[in-house]
Amino acid sequence: MAPSEIVEDGFASTRLFNQGYSYTYDDVIFLPHYIDFSTDDVSLSTNLTRRLPLYTPIVTSPMDTVTESAMAAAVASLGGIGIIHPNLSAQVQAAMVRSVKSRRVPFLSSPTFLSPSHRISSLDDFDASSPYVLITESGSPRSKFVGYVSKSDWLNLEDERKGSEVKSYMKTSNDIVIPWNQSLDQIESFFKEKDSDLGVLVRGNADVATESEVVDVVMKEDVERVRGNPRLGLGGTVGPDGGWRVGAAIGTRESDKERLEGLVKEGVDVVVLDSSQGNSIYQIEMIKYVKKVYPELDVIGGNVVTAAQAENLIKAGVDGLRVGMGSGSICTTQEVCAVGRGQATAVYKVASIASKYGVPVIADGGISNSGHIVKALVLGASTVMMGSFLAGSEEAPGSYQYQNGQRVKKYRGMGSLEAMTKGSDQRYLGDTTKLKIAQGVVGAVADKGSVLKFVPYTMQAVKQGFQDLGASSLKSAHDLLRGGVLRLEVRTGAAQVEGGVHGLVSYEKKPF
Ligand SMILES: NC(=O)C1=CN([C@@H]2O[C@H](COP(=O)(O)OP(=O)(O)OC[C@H]3O[C@@H](n4cnc5c(N)ncnc54)[C@H](O)[C@@H]3O)[C@@H](O)[C@H]2O)C=CC1
Ligand SMILES: O=c1[nH]c(=O)c2[nH+]cn([C@@H]3O[C@H](COP(=O)(O)O)[C@@H](O)[C@H]3O)c2[nH]1
Ligand SMILES: [K+]
C-alpha cells in the first residue's frame, strides 16, 4: 500500500474551510510539498485589479497614519502600490497623488514653499523633513523655481535681516535643477559632475513659470540612503507616463464624486471604495457611477468577507475586492458590532468566488509577519494590504516619539474617535445621528526603519515559504490549493505554542 492510502496527510482546503469555523491565519498551517526550483525562481508578480499588474503583492492601507506620498512612492519603487487615505481635503489628497506620480526615486522630503516676497519668521517655517525652504515665483510648488534658503543660511543671517523678504538673501542657481524623471544613477552623476550637495527636481518647462513645477528637493545623502537598501530585483510600479502608479481611497457619499474628479485629473491609477461593509446600496451605486463616468479607471470594492457579498459587488462591476472585517490590529468591529470573519476563512471564501470571475482579491488586515503574507497569498489573495506592519516605518506619516524608552510612531484606526474627529465627521456621524461609536483604537507601533529595507527582506521570506510549498508563482499556489494537492491542518493551541519560540530563558529575535 502507498503511504498516502495508509495515512491521510492533512485536509484539502475545501474540507478544512467547510466545517463552520472562522479561522485566522494563526489557526491554520500548510504541510510542505515538493521543491524542484530555487527561491530565486519564485515569482510573486500579480495583479492588484483586473488591469493593474504589480511585481510585488504589497498594498499599503489607506489610513492617515500609514499612506501619504512618501509611503506610496517608496512602496511603488519596490513593485507594490500605495493607496492615499481620504482623511484630508480633496485638494490635498489629489496633490498627494500628483506628488507620487511625479517621482522616479523614493526620496522623502516635503519642503516648505515660499514666494520671493515672503518672510521667514522662525525655524518653524522649515518642514521637519527638509532643511530647505524652496522659493518659487508663486510660492507654491506649481511654478518656476527661483531659489532656496537653508536652515543654516537663515540662522547665520544678522538678526535685522532675518525678517526681510527672502529674495534679499535667498541663494539662486539654475545649476541645481534636475528633471523629475531622472534615475538614481543619473542623479548621482549629477551630484558628482556639479560637485553639489543639493538638487531640485523639476517637472515641465523649467524656464516658464506657468509650465513648471518643483517636485522635490534632494540631497546627496538621500541618494546614498536609497542606494544603501536591498533591491527586489525588478522595476517599480511605473505607469505609462513614467511616474509611479498610485491609488486613492474615497467614500460613497455625494461629495466623494467631486473628490474623485480631482483625483482622476491628477491621474490616479486606481480607486478604493473604503468601507467596513461594502455590500450596501451606497457602494453598489458608487461602483456603477465610477464605471460609467470613468470606464478607464479600475475600482476596488469592499470590504467583504463572504461569497455572497463578493458576488454582489462583482455584478455591480468591481475590478478588485478588498477582504477583511474586524481582523485589523486596531479594529474593534467584531467586538462592537458582532460582525466579521476570521481572516483566513474570509480570504479563502471570497477568493474562491472571485477567481471564477477573474477578479483579484486583496487580503486586508491582520498581517504581522511574513508567514501571514504566505498564508494570505496561497489561500487565494493576489495581494496583501497592511497597516500596522508599515506604520512604524520612516515613510509613514508623523514623527517618532518615545514611549517607555522605545522609539514609536502613532498608529490609529480610521474608525477611532480621534481619526473620525480629525476629518471624517460627516461620514461617521451619519447625517442623522450625533452619537459617535468608535470601531477602532489609537495606539503606537515600534520603529522599523525604512520600508525600502524591511519589505525586500520580508518578500524574500515569502519566497522561501512558496518554495517549501512547491509553488513557484501565485498561480501555481492557487492551482495546488484548489486541486487539493496542497494540504492544510488546523493548529491546536499547543501546536501554536510549539510553532513559536518556546522554553528559552531569553532570546533575541532578529529576522534579518
Ligand atoms: N476592515 C474593517 O474591518 C474595518 C474598517 N474600517 C475602516 O474605517 C473606515 C470607515 O469605515 P465605515 O465606517 O464602514 O465607512 P462608510 O463610509 O462605509 O460608512 C459610514 C456610515 O455612513 C453610511 N453611508 C455611506 N454612504 C452613504 C450614503 N451615500 N448615504 C447615506 N449614508 C451613507 C454607512 O452606511 C455607514 O453607516 C474605513 O477606512 C474602513 O476601512 C472600519 C471598521 C472596520
Ligand atoms: O475595525 C476597524 N476599525 C478601524 O478604525 C479601522 N481602521 C482601519 N481598519 C482596517 O484595518 C486594516 C489594517 O489592519 P492591520 O493593522 O492589521 O494591517 C485597514 O486596512 C482597514 O481595513 C479598521 N478596522
Ligand atoms: K481586531
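Helices are DSSP runs of H or I with at least four residues, strands are runs of E with at least two, and the numbering starts at the N terminus.

Quick housekeeping. This is a predicted model, so local features are given only at pLDDT of at least 70 and side-chain atom pairs only at pLDDT 80 or more, while totals for chains, interfaces and linings use all residues. Residues count from 1 along each chain as its sequence is written, with chains lettered from A and ligands numbered from 1 in the order in which they are written.

Back to that pair. Two packed helices are described by the angle between their axes and the distance between the axes. For H14, residues 370-378, and H18, residues 451-468, the axes come within 9 Å and cross at roughly 55 degrees. The axes are lines fitted to C-alpha atoms, for helices over the stretch in contact, with angles from 0 to 180 degrees between N-to-C directions. That makes H14 and H18 oblique to each other; the scheme is under 35 degrees for roughly parallel, over 145 for roughly antiparallel, 65 to 115 for roughly perpendicular, and oblique for the rest.

Who touches whom? On the H14 side we have Ser370, Gly371, Ile373 and Val374, and they meet Thr458, Ala461, Val462, Gly465 and Phe466 of H18. Contact means C-beta atoms, placed from the backbone, within 7 Å. Sorted by class, the H14 contact with H18 has 5 nonpolar and 4 polar residues, and no charged ones. Nonpolar is Ala, Val, Leu, Ile, Met, Phe, Trp, Tyr, Cys and Pro; charged is Asp, Glu, Lys and Arg; the others, Gly among them, are polar.

Now the other pair, H4 (residues 90-101) and H9 (residues 255-265): their axes come within 8 Å and cross at roughly 25 degrees. H4 and H9 are therefore roughly parallel to each other. H4 brings Ala90, Gln91, Gln93, Ala94 and Val97 to the contact, and H9 brings Glu258, Arg259, Gly262, Leu263 and Lys265. That contact of H4 with H9 splits into 4 nonpolar, 3 polar and 3 charged residues.

On to the annotations. From an unreviewed UniProt entry, "active site" is listed for Cys331 and Arg427. UniProt positions follow the numbering used here, feature names are shortened, and annotations may be inferred rather than shown by experiment. So, is cysteine 331 buried or exposed? It's buried, with 24 other C-beta atoms within 10 Å. The cut-off for buried is 20 or more other C-beta atoms within 10 Å of the residue's own, 12 or fewer is exposed, in between is partly exposed, and the C-beta atoms are placed from the backbone. Cysteine 331 sits in the loop between strand S15 (320-323) and helix H12 (333-337).

The unreviewed entry in UniProt also has a "binding site" feature, and its positions include Ser388, Gly413 and Gln439. Glutamine 439 is in the loop between helix H17 (425-429) and strand S20 (442-446), and it counts as buried with 22 C-beta neighbours inside 10 Å. Skipping neighbours within four places in sequence, glutamine 439 contacts residues including Cys331, Gly413 and Gly415. Serine 388 belongs to helix H15, residues 388-391, and with 20 C-beta neighbours inside 10 Å it also counts as buried.

Tyrosine 23 is in the loop between helix H2 (13-16) and strand S1 (28-30).

Glycine 302 and asparagine 303 are joined by a cis peptide bond, omega about 0 degrees, and asparagine 303 is in strand S14, residues 298-304. Aspartate 195, not a glycine, has a positive phi of about 50 degrees, and with 6 C-beta neighbours inside 10 Å it counts as exposed. Alanine 338 isn't a glycine either, and its phi is positive at about 60 degrees; it is exposed, with 8 other C-beta atoms within 10 Å.

Note on methods: Two residues are in contact if their C-beta atoms, placed from the backbone, lie within 7 Å.
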